[in-house]
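This report describes a protein chain through its repeats, domains and side-chain contacts.

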Amino acid sequence: MGKARLSEGCIRFRVCVIGECTAGGASLSPLFHSFGRVTLSKRPAGKMPHELKHVFASLPQMERGVSKVIGGDPKGNNFLYTNGKCVIIRNIENPAIADIYTEHAHQVTVAKYAPSGFYIASGDASGKIRIWDTTQKEHLLKYEYTPISGKIKDIAWTEDSKRIAVVGDGREKFGAVFLWDSGSSVGEVSGHSKLINSVDIRQKRPYRLATASDDTCGSFFEGPPFKFKFTLRDHSQFVNCVRFSPDGSRFVTAGADGQIFIYDGTNGERVCSLGGEKAHKGGIYAVSWSPDSSQLISASGDKTVKLWDVGAGTAVTTFNMGTDVLDQQLGCLWQKDHLLSISLSGYINYLDKNNPDRPIRTVKGHSKSIQCLTVHKNEGRSYIYSGSHDGHINYWDAETGENDCFSGKGHSNQVSKMVVDEANELVTCSMDDTLRYTNINKKEYSASDLVKMDFQPKSVSAATGGLSLAVCIGQIVLLKDKKKVFTLDNLDYEAEVGVIHPGGTTAAVGGTDGKIRLYAIQGTTLKDEGKTIEAKGPITDMAYSNDGAYLAAIDEKKVATVYSVADGHSVKQEFYGHHAKPVTLAWSPDNEHFATGGMDMMVYIWTVADADQRIKLPDSHRLHHVSGLAWIDEHTLVTASHDASIKQWTITY
């Protein structure tokens with residue numbers, strides 16, 4: 001086990017307590033001493049050592065052919081969606097402002113605000129519904145139920161925020177409707193032979209409930225208690241979405257057959273269809289009404305969103321979202337003056353009625369887990385670069401959260417590591433067996449700056465003089481000016497990670513055998529001079545401090561070790577604290593602190609001079625371990641994680 005350590009910035013001294021112990025009336029003599037420890041912090045009172053500064057949220061998790069429900073805030077300020085085990089709440093005016101709820105144990109599929117605005121109900125793949133508070137940042141759980149035994153597809157509230165309808169893919173039933181505070185049933189959702197995709201409740205009395213299912217039918221219910229009235233058999237394919245108009249006078253169904261039907265909101269009789277024969281060329285995944293109930297938007301797999309005049313039954317505007325398969329539209333939301341749609345890529349588009357071919361803004365980011373991260377200053381501004389599991393690379397303005405991706409064709413598989421070299425190029429290695437050098441000023445991938453590797457690269461490092469080092473499976477490659485100049489094959493160990501000393505004279509390579517081998521870089525060759533350093537276990541990550549004075553390494557035995565370069569890479573300090581394997585490491589620009597992140601979901605910030613001084617960030621990305629760390633300045637740490645989000649922390653020593 002690791003040694004117990006004290007929190008950062010503490011003075012330790014012992015207090016001697018002398019007492020007399022009595023048991024059963026008899027005095028236990030002699031007197032005994034007990035030693036207790038008291039720690040006093042040197043930090044100013046009330047100041048936390050770490051504070052969350054920014055959250056750059058993930059995009060929605062998308063699946064081809066599956067509609068995405070976006071929830072809207074009744075006050076019109078926020079919208080919300082899901083990704084993995086997270087519910088993401090974003091400000092609709094400034095989507096860089098975000099909050100993430102991560103209390104579900106399974107993948108969350110849908111989340112909806114209560115009409116009161118005080119609670120959110122979110123449902124997951126196991127059939128669990130959590131109802132939680134929106135007003136406090138802790139998001140306290142109010143109630144939890146399991147109304148159906150499988151994936152929840154949609155949720156609807158009654159306008160008094162007292163009843164909830166839930167539908168999805170259950171084993172014995174496909175839906176339920178119950179009281180929010182007791183879970184008692186207020187009717188049954190029946191009449192379907194396959195999973196139910198969508199549900200909505202009329203926001204006026206008398207209440208009506210409508211469902212849409214994969215059995216090509218819709219159903220109409222009256223209540224409460226809600227009772228099945230009749231089946232709507234107008235669609236010929238899966239029915240993906242059903243929505244009542246805000247004034248309750250109509251409801252609409254949309255299906256995979258490309259048709260939209262309008263029904264009377266009180267008696268459920270069919271009124272008309274939109275767009276004649278077909279509303280869209282492809283399947284329709286979502287519809288959303290305008291606040292005044294006179295218009296609606298529909299999102300389709302034909303890569304368009306259409307704005308409909310419901311009275312006339314005709315399309316007013318067609319928004320063309322692109323030609324790529326990733327431009328299919330799987331979700332939409334009309335809130336106040338904002339028209340939002342979600343592409344298969346996960347991008348959130350703010351539609352412009354006056355310019356239908358060009359969205360006002362497109363919110364980008366990651367929808368898959370982030371694997372690596374680096375930070376670089378460009379023209380006085382700090383930018384964060386992040387690479388994800390699907391090969392996507394994004395860059396973020398560290399202050400504003402404005403972000404975009406490089407243009408052109410990039411990596412086709414997971415980006416494993418990234419660094420910025422002195423020529424202002426982002427050097428990335430990927431599971432697609434390539435190294436890429438991308439100019440961060442041009443912000444576009446270049447086909448010529450691509451180096452094909454013989455084996456899959458796991459790690460990349462860069463130093464002065466145009467040098468870079470790639471550690472591949474069974475091979476170490478030295479590159480100069482984007483060309484391979486030296487290769488080490490037939491290694492007698494498995495290399496995991498390699499780093500070049502900032503001076504460009506030494507390369508350190510850490511292996512799964514718990515040893516770090518030092519190679520001398522002579523011109524364009526790597527020379528093995530037989531120098532090795534012992535670590536406690538298989539190396540998971542390493543980094544030289546920016547001034548080159550120290551080498552830090554972390555290993556599977558949960559130890560972080562700092563070696564002093566000037567003293568022949570002798571051990572300077574060992575750090576214990578992680579309860580599970582640490583996986584990522586980053587030096588602070590002050591060269592006196594470094595951060596490590598591990599599978600125990602913890603991030604620690606260590607002080608080289610004193611192993612007892614440490615700052616702990618517990619639950620930095622709840623339920624997900626940290627996959628990347630980087631520093632913007634001495635007091636700002638960036639963390640990235642498998643939850644596809646990026647967070648910035650202010651650190652005070």
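The model is a predicted one. Over residues 101-142, the chain is 48% strand and 0% helix, with end C-alpha atoms 14 Å apart.

## Domains

The domain assignment gives domain 1 (60-363) and domain 2 (370-576). Between the C-alpha centres of domain 1 and domain 2 there is a distance of 45 Å.

## Aromatic pairs

A pair of aromatic rings is described by the distance of the centres and the angle of the planes. The structure holds 22 aromatic pairs. In one of them, the ring centres of F406 and Y445 are 5.6 Å apart and the planes stand at 85 degrees, so the pair is edge-to-face. The two residues are 39 residues apart: F406 is in the loop between strand 34 (403-405) and strand 35 (415-420), and Y445 is in the loop between strand 37 (434-439) and strand 38 (450-452). Both F406 and Y445 are buried.

W587 and F594 form a tilted pair, with 5.2 Å from centre to centre and 40 degrees between the planes. W587 is buried at a relative accessible area of 7%, and F594 is buried at 0%. Elsewhere, ring pairs link Y119, Y143, Y145, W157, F178 and W180 into a cluster.

## Charges over rings

Charged groups also meet aromatic rings. R517 lies over the face of Y493, 3.6 Å from the ring centre. The charged end of K443 sits over the ring of Y395, at 5.4 Å from its centre.

## Salt bridges

Side chains of opposite charge can pair when their charged atoms come close. The structure holds 23 salt bridges. One of them joins R243 and D154, at 3.1 Å from N to O. This pair links distant parts of the chain, as R243 is in strand 19 (residues 239-244) and D154 is in strand 12 (residues 152-157), 89 residues apart. R243 has a relative accessible area of 13% and is buried; D154, at 0%, is buried too.

A further salt bridge connects D397 and R381, at 2.7 Å from N to O. D397 belongs to strand 33 (residues 393-397) and R381 to strand 32 (residues 381-388), so the pair ties together parts 16 residues apart in sequence. D397 is buried at 8% relative accessibility, whereas R381 is partly exposed at 36%.

Note on methods. Residues numbered from 1 in each chain as written. Predicted model: local features only at pLDDT ≥ 70, side-chain atom pairs only at ≥ 80, totals over all residues. Heavy atoms only, no water. Domains from an automatic or database assignment. Phe/Tyr/Trp six-rings, centres within 6.5 Å; stacked < 30°, edge-to-face > 60°. Helix = DSSP H or I, 4+ residues; strand = E, 2+ residues; numbered from the N terminus. Buried < 20%, exposed > 50% of the residue type's maximum accessible area, 1.4 Å probe, protein only. Lys NZ or Arg CZ within 6 Å of the ring centre and 35° of its normal. Salt bridge = Lys/Arg side-chain N within 4 Å of Asp/Glu carboxyl O.
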